[in-house]
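Hello,

Here is the structure we spoke of handing over. Please open it first, then read the notes below.

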Amino acid sequence: MHRRTQARIDLDAVRANFRLAARLAPRSQNIAVIKGNAYGHGMLAVADALDDLAPAYAVAILEEAVELREHGVSKPLLVLEGVHSGPALAEAIAQDLTLMLHSHDQLHLLLEAKRGTLPALWLKVDTGMHRLGLVPDALEPALDALRAADGLRVPPVVCTHLASADAPENRETQAQLEVFDAVTRNLGLPLSIANSAAILAWPESYADWNRPGYMLFGDSPLTEAVATASELRPAMHFEAELVAVREVAAGETVGYGGRWRAERPSTIGTVAAGYADGYPRHAPDGTPTRVGGEIAPLAGIVSMDMITVDLTDVPHAKPGDLVTLWGEGLPIATVAEHVGSTGYELLTRVSQRVPREYAATREIGLD
Ligand SMILES: Cc1ncc(COP(=O)(O)O)c(C=O)c1O
């Protein structure tokens with residue numbers, strides 16, 4: 001590898017973050033959500049790293065689950081979107097996957113399939129997010145229909161998804177919890193509610209299964225700081241090489257369209273990462289990067305393969321230095337705030353072109 005743009009992935013941090021989720025909710029099991037290539041960290045490597053900790057994994061789509069099976073993962077795999085066609089159902093059954101059932105169409109698909117061959121199921125109830133899920137009144141009839149068709153091999157998990165758990169003050173979460181409790185209280189079935197935000201901020205949402213995703217990668221999705229999140233350790237350190245340094249006179253502009261204009265004689269560094277690497281194209285001037293422990297703000301529009309940063313206040317920076325785009329010393333939440341995005345989006349958009357370099361904490365000098 002010649003270009004030094006890379007995402008260093010600290011798998012010890014992922015393990016520590018999983019353990020934190022487990023410690024916060026000791027009576028719940030945690031199904032590790034590793035969809036979207038484990039939020040950009042590499043699904044197979046993360047699955048391997050959590051192998052002795054996580055009893056099950058959740059992914060978004062069938063293809064992700066099949067990739068895990070082909071990698072040799074034999075533990076339960078939940079497909080959060082479920083399946084939407086007969087051939088997809090057949091593949092899910094062949095791969096022994098657990099499917100989310102969130103709609104009537106999916107119920108009919110299952111009921112039409114041959115008896116006795118149905119996959120393990122989670123049933124999702126729409127308690128207010130209005131994205132996926134059976135309306136609360138449809139849950140019991142769906143369970144009855146599945147039982148009548150001999151379709152429940154193992155007791156299904158009944159779950160819901162919270163729309164606003166990231167905002168601890170938002171009353172909608174309480175309302176969703178109440179709807180869910182009312183519809184599930186007498187079912188005697190295992191239940192699941194909490195995503196990362198709820199694990200960190202809503203203990204009343206803990207159930208048989210919690211579903212941590214984002215927090216495993218070391219950032220809190222919450223809109224305000226909470227003590228429970230203080231132990232999270234970032235797992236991705238996205239960095240690139242400083243490949244050129246130049247002086248520009250006051251009044252000169254930098255980059256496409258001349259968006260950034262020097263207000264003083266300035267030093268401009270060119271960094272080898274751009275939007276083709278997943279650095280956000282819409283990052284405004286001033287978005288922080290970190291060079292040798294100092295902040296170097298973005299100066300000029302993001303190019304496909306490069307960004308330009310203002311090194312005027314980082315006089316020791318020189319070509320060959322590594323620049324942190326987020327990670328150690330530069331929380332992804334800070335970058336996301338500047339960009340008007342979320343850490344979820346930034347992490348999952350780090351492109352395939354960026355090699356993921358896996359290391360334990362000690363090896364990369366972060367402990
Ligand atoms: C149904 C479901 N559960 C859990 C998660 C994990 O959420 P988070 O990454 O916020 O922990 C997701 C992710 O969007 C999801 O769709």
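**Notes on the structure**

With 11 C-beta neighbours inside 10 Å, D150 counts as exposed. D150 sits in the loop between α7 (136-148) and β7 (157-159). Helices (H or I, at least four residues) and strands (E, at least two) are DSSP runs, numbered from the N terminus. The phi of D150 is positive, near 60 degrees, though D150 is not a glycine. As background, most residues other than glycine have a negative phi.

Before going further: this is a predicted model, in which local features need pLDDT of at least 70, side-chain atom pairs count only at pLDDT 80 or more, and totals for chains, interfaces and linings use all residues. Numbering starts from 1 along each chain, as its sequence is written.

H130 also has a positive phi, of about 60 degrees, without being a glycine. H130 belongs to the loop between β6 (120-124) and α7. H130 counts as exposed because it has 9 C-beta neighbours inside 10 Å.

Now the chain as a whole. Eleven helices and 18 strands make it up. Its C-alpha atoms fill a box of roughly 80 × 40 × 40 Å along the principal axes. Of the 367 residues, 47% count as buried. Two residues are in contact if their C-beta atoms, placed from the backbone, lie within 7 Å. Among contacts between residues at least 6 apart in sequence, 63% join residues at least 24 apart.

The domain assignment gives domain 1 (11-220) and domain 2 (236-364); such bounds come from an automatic or database domain assignment. Their C-alpha centres are 36 Å apart. Where they meet, twelve residues of domain 1 are in contact with 13 residues of domain 2. On the side of domain 1 that touches domain 2, α1 (11-24) and α2 (35-39) are the elements giving two or more residues. The largest share, three residues, comes from α1. That side has six nonpolar, four polar and two charged residues. In this count Ala, Val, Leu, Ile, Met, Phe, Trp, Tyr, Cys and Pro are nonpolar, Asp, Glu, Lys and Arg are charged, and the others, Gly among them, are polar.

What does α1 pack against? The buried residues of α1, among them F18, L20 and L24, pack against β1 (6-10), as well as β2 (29-33), α3 (43-49), α9 (196-201) and β9 (209-210).

Last, the ligand. Around it are V33, L80, H161, N195, S196, A197, R211, P212, G213, Y214, M215 and P221. A residue is near a molecule if its C-beta atom, placed from the backbone, lies within 6 Å of it. This shell divides into seven nonpolar, four polar and one charged residue.

Regards

Definitions and conventions
A residue is buried if 20 or more other C-beta atoms lie within 10 Å of its own, exposed if 12 or fewer, and partly exposed in between; C-beta atoms are placed from the backbone.
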